[in-house]
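Thanks for coming, everyone. Please bring up the model on your screens, and I'll walk you through a few places in it.

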Amino acid sequence: MDPLGFLVNLFDVALVFALALMIALVSNLKMADLLTSKDFTMVKNPGTADMEIITREGGKVSRYVASEAQAGSRQGKRVGTAYRLRSGEIIYVPDAPAPTGKP
């Protein structure tokens with residue numbers, strides 16, 4: 001009888017446990033789309049300060065995390081309004097140009 005034979009069984013149990021843990025993590029984080037071949041966009045923690053945007057285009061996965069400096073800069077300006085109709089169509093209405101003061 002081999003006194004170290006039980007180590008082989010412990011290795012098998014650890015391997016099965018690690019595989020089950022990986023499957024549980026992927027399903028819990030809803031990141032199964034990373035394992036498929038199609039393109040996608042996923043938003044983690046929407047509406048919070050630690051929101052992340054993960055995209056996959058053409059097999060390349062990229063991750064965008066807004067920093068505090070980017071969130072506080074607000075360098076853009078409003079250029080119009082978009083409306084979604086009942087049919088699903090989106091209509092863009094530009095804002096009226098600002099008066100220049102010249103007649």
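**Thr55 and its neighbours**

Leaving aside residues up to four places away in sequence, Thr55 touches Phe40, Thr41, Lys60, Val61 and Ser62; contact here means heavy atoms within 4.5 Å. Before I go on, the ground rules. This is a predicted model, where local features need pLDDT of at least 70, side-chain atom pairs count only at pLDDT 80 or more, and totals for chains, interfaces and linings use all residues. Residues are numbered from 1 along each chain as its sequence is written, and side-chain values use heavy atoms, with hydrogens and water left out.

Back to Thr55. Thr55 sits in strand E2, residues 52-57. Helices (H or I, at least four residues) and strands (E, at least two) are DSSP runs, numbered from the N terminus. Is Thr55 buried or exposed? Thr55 counts as buried, because its relative accessibility is 16%. The cut-offs: buried is under 20% relative accessible area, exposed is over 50%, partly exposed is in between, with a 1.4 Å probe and protein chains only. The side chains of Thr55 and Ser62 are joined by a polar contact of 2.7 Å. That term means a pair of N or O atoms within 3.5 Å; within protein, one must be able to donate a hydrogen and the other to accept it, and residues adjacent in sequence count only if both atoms are side-chain atoms.

Next, Lys38. Lys38 lies in the loop between H1 and strand E1 (40-44). Lys38 counts as exposed, because its relative accessibility is 52%. The C-alpha atoms of Lys38 and Glu57 are 8.1 Å apart, with the two residues 19 apart along the chain.

Now the hairpin. Strands E4 (residues 80-84) and E5 (residues 90-94) run antiparallel, joined by five bridges. Two strands pair if DSSP finds at least two bridges between them. Gly80 has Pro94 in E5 as its bridge partner. Five residues lie between the two strands of the hairpin, and Gly88 in the turn has a positive phi of about 100 degrees.

Now the whole chain. The protein chain has two helices and five strands. From the N terminus, the order is α-β-β-β-α-β-β. How many of the 103 residues count as buried? The share is 7%. Among contacts between residues at least 6 apart in sequence, 1% join residues at least 24 apart.

Last stop, Leu10. Leu10 is in helix H1, residues 6-28. Leu10 counts as partly exposed, because its relative accessibility is 47%.
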